[in-house]
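Hi everyone, thanks for having me. I'd like to walk you through one protein model today, so please have a look at it with me before I start.

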Amino acid sequence: MRTRHLNIVGAGLAGPLLAILLARRGFAVTVYERRGDPRSSTHAAGRSINLALAARGIRALEHANVMPQVRPLLIAMRGRMIHELAGPARLLPYGQREHELIYSIGRGALHRLLVEEAARYPGVTLQFEQACVAAEAERDALVLRDVITSRTYELPLTPTLATDGAGSPVRTRLAEQGLLAAREELLDHDYKELTLPAAAGRHVLAPEALHIWPRHGFMLIALPNTDGTFTATLFLPRTGPCSFAALRTERAVHELFARAFPDALPLMPALGQEFRTHPQGRLGTVHAAPWHIGGRVLLMGDAAHAIVPFHGQGMNAAFEDCCVLDALLDRHERWESLFEAFEAERRPNAAAIAQMAIENYGEMRERVLDPRFLRQKAWALELERRFPDRFIPRYSMVMFHADISYAEARRRGAVQQEILDRLEERSGGSDRLDHELARELITRRL
Ligand SMILES: Cc1cc2nc3c(=O)[nH]c(=O)nc-3n(C[C@H](O)[C@H](O)[C@H](O)COP(=O)(O)OP(=O)(O)OC[C@H]3O[C@@H](n4cnc5c(N)ncnc54)[C@H](O)[C@@H]3O)c2cc1C
């Protein structure tokens, strides 16, 4: 039978949401977090980093009854605003229905809110500045260290839910014991976050869009914040002629921006100083198997399946994990069978979104400039209007249809791409869509 007490390691984005869902079911949950309490102002200070929240994340936040508090933090984004080197920026809408939007949300504000909401439950105990240093499955020991006093202490490991992020120490310790295999597939592109400050308290670009400056081998993006600023992220190869390694001086940074992002440069007065002081982040996909050790430990969120950020789905997927585990609690009495069922259900979906996220990088930095891609995007929306139950663009399935799993979105997306390619062949490179052929292919294949 299940114990009524659980450990959660990591109070990032998924940890507090999971704590809420478990506490609602009457579990006593203790959450151990290495960092300080985000509710205290000293820890809340910092740069404004934002995330795209979409249907899967919203569904999870609604399920946890926190969406009313989250709503005021959101800025709706209708599409991608593409900034080409020359000419005016143009909006590529994400979807075609009123509600087909994604939302920019500040990570700090969301994090704080989730921690505050979790703390309301008497069954949730939040322990900050407590770092997990070991998870020893054989001895059933979870080893923690108080970051302030350096005191180390042990607790029973069973059951522990590890939401300790992409670099998961729990995963690393279990891998060291030979209990799971894990590897991180690093992208050869890194990122750096920068700022477009507000002018007289207002956004300097249209706030209802995710701005992209696609430049084939690299790109800049910017998401709006509620305080009038934008957080921009530069994605660039680590090494090579146009790379982070090549940007050794402030002058070189300035020259790159003047050449590649001339309309963004005047909006970034602190570019040189920010470039020098902000960290250069790595991006990668985590592959780990298995995700659970019997009924003792389960990896969830980024700890199990961190992905590159180009589909804006890492947090959304981590939140979806929490809902899946919650639903499975209805059907499983034992932790082991619960963890097994969770892994069976989530692994194919995690693999699918990991792959789609990598593919989306090419789309964002390159294909959005390709007339063939733009034509097919327009056709996909047209086909969705004509066959709404059968043809849904893959991007829409991932972002707006929380009821379609990632694996199913990828499978259907591949069939749809074959159909679009056939229609492309038939059009001979013109914009003329053969409606008869489209109907026949869609009826037969979808
Ligand atoms: C540049 C970038 C942009 C992104 N944009 C988006 C986006 O637009 N949309 C989206 O959905 N996702 C996005 N993501 C992904 C998203 O940030 C993650 O998927 C999400 O944070 C995962 O949540 P998590 O709770 O699993 O991990 P995290 O939020 O990373 O939380 C892990 C927590 O564990 C704690 N911890 C670590 N080690 C220990 C230890 N030893 N002991 C105790 N606690 C520990 C950490 O301090 C942290 O609080 C982006 C990621 C990056 C890098």
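Let's start at E33: one of its polar side-chain atoms sits 2.6 Å from an oxygen atom of the ligand. Keep in mind that this is a predicted model, so every distance I quote is computed from it. A14 also reaches a ligand oxygen, but with a backbone N or O atom, at 2.8 Å. G314 uses a backbone N or O atom too, and there the distance to a ligand oxygen is 3.3 Å.

How much of the ligand does the protein bury? On its own the ligand would expose 1000 Å², and the protein buries 89% of that.

In total, 29 residues surround the ligand, and the closest are A14, E33, A52, R107 and D302. By type, the shell holds 13 nonpolar residues, ten polar ones and six charged ones.

Now please turn to helix α11, residues 335–365. With 31 residues at 1.5 Å a residue, α11 should span 45 Å, and its end C-alpha atoms are 43 Å apart, which agrees. Still, α11 has a kink of about 35° at R346, shortly before the proline P348.

A pair of rings is described by the distance of the centres and the angle of the planes. The model has twelve aromatic pairs. One of them joins W291 and F342: this pair is tilted, with 6.3 Å from centre to centre and 55° between the planes. W291 lies in the loop between β18 (284–289) and β19 (292–293) while F342 is in helix α11, so the pair ties together parts that are 51 residues apart in sequence.

Last, a few backbone details. Most residues other than glycine have a negative phi, and most peptide bonds are trans. Finally, D140 has a positive phi of about 50° although it is not a glycine, and D140 lies in the loop between β9 and β10 (141–146).

Methods
Residues numbered from 1 in each chain as written. Predicted model: local features only at pLDDT ≥ 70, side-chain atom pairs only at ≥ 80, totals over all residues. Heavy atoms only, no water. Near = heavy atom within 4 Å. Polar contact = N/O pair within 3.5 Å; in protein donor to acceptor, adjacent residues only side chain to side chain. Areas by Shrake-Rupley, 256 points an atom, 1.4 Å probe, with all protein chains shown as cover. Nonpolar A, V, L, I, M, F, W, Y, C, P; charged D, E, K, R; others polar. Helix = DSSP H or I, 4+ residues; strand = E, 2+ residues; numbered from the N terminus. Expected span 1.5 Å × (residues − 1). Bend = angle between axes of the 7 residues up to and from the residue. Phe/Tyr/Trp six-rings, centres within 6.5 Å; stacked < 30°, edge-to-face > 60°.
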